[in-house]
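The structure comes first, then the points by topic.

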Amino acid sequence: MTNDLLDRKLDRAFAHLDVNEDQVIDEHDIIGLGSRLLSALGEPATSPKATQVMGGLVDFWQELFTELDMDRDGKVTPAEYKQGMTRLFQDDRATYEKSFRPMAHAMLLVVDKDDDGRISPEEFQKAQTAFDTKLSREDAEALFARIDADHDGFLSVDELLGAVREYYTGTEEDAPGNLLFGEL
């Protein structure tokens with residue numbers, strides 16, 4: 001069971017995954033998402049980070065595809081996505097840790113351009129641009145500050161993963177993770 005906020009967040013996430021905007025998600029969209037992210041962040045397609053990102057996305061897709069594609073037509077519709085993501089990530093949080101966390105972790109590693117194990121405000125802003133969130137610099141800075149739980153001026157991968165989890169599973173209106181893909 002979802003609420004209005006979670007429905008809006010899942011609709012936004014679906015739109016980000018539907019790279020070719022044909023109202024279904026298939027393997028081409030997942031590869032397109034990875035390519036768009038790597039390109040926007042200036043990561044060479046043959047780098048070890050790029051390999052990890054693309055591998056993480058493909059693994060994520062293969063693992064979840066069986067769960068999401070209810071009619072077995074090789075595509076995931078918005079309704080299938082919303083129903084499946086709610087069932088897998090909100091209702092069964094262990095599934096989130098098993099399937100979504102590795103993919104999200106791989107994507108966040110490519111955001112950490114200087115490989116210091118943490119995300120700077122500048123790296124966070126570039127990731128927001130790569131995901132086409134349309135957040136202003138000021139809004140991205142405010143979001144960064146809210147996610148920075150230990151207030152050290154950087155985001156750990158765990159802090160970012162917590163915000164990602166909040167996005168996909170949370171139902172609180174004022175949760176920082178709600179803005180990860182821009183205004184709802």
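Buried means under 20% relative accessible area, exposed over 50%, and partly exposed in between (1.4 Å probe, protein chains only). This is a predicted model: local features need pLDDT of at least 70, side-chain atom pairs count only at pLDDT 80 or more, and totals for chains, interfaces and linings use all residues. Residues are numbered from 1 along each chain as its sequence is written, and side-chain values use heavy atoms, with hydrogens and water left out.

**Nonpolar core**
- A nonpolar core is a set of buried Ala, Val, Leu, Ile, Met, Phe, Trp, Tyr and Cys residues joined through side-chain atoms within 4.5 Å.
- The largest one holds 51 residues. Ile 25, Tyr 81, Met 85, Phe 100, Phe 124, Tyr 168 and Leu 180 have the most contacts inside it.
- Helices 1 to 8 each give two or more residues to this core. Helices (H or I, at least four residues) and strands (E, at least two) are DSSP runs, numbered from the N terminus.
- Helix 3 supplies the largest share, 8 residues.
- Contact means heavy atoms within 4.5 Å. Leaving aside neighbours within four places in sequence, Tyr 81 touches Leu 10, Ala 13, Phe 14, Leu 17, Ile 25, Leu 68, Val 76 and Tyr 168.

**Aromatic pairs**
- The structure has 5 aromatic pairs. Rings of Phe, Tyr and Trp (its six-membered ring) pair if their centres lie within 6.5 Å; planes under 30 degrees apart count as stacked, over 60 as edge-to-face and the rest as tilted.
- Phe 14 and Tyr 81 have ring centres 5.6 Å apart and planes at 65°, so they are edge-to-face. Phe 14 is in helix 1 and Tyr 81 in helix 4, so this pair ties together parts 67 residues apart in sequence. Both Phe 14 and Tyr 81 are buried.
- Tyr 167 and Phe 181 are also edge-to-face, because their centres are 4.9 Å apart and their planes at 85°. Both are buried.
- Ring pairs join Tyr 167, Tyr 168 and Phe 181 in a cluster.

**Charges over rings**
- A charge sits over a ring if NZ of Lys or CZ of Arg is within 6 Å of the ring centre and within 35 degrees of the ring normal.
- Lys 9 places its charged end over the ring of Tyr 167, 5.7 Å from the centre.

**Helix 2**
- Asp 29, Ile 30, Leu 33, Gly 34, Leu 37 and Leu 38 are buried in helix 2.
- Just after helix 2, Gly 42 adopts a positive phi of about 70°.
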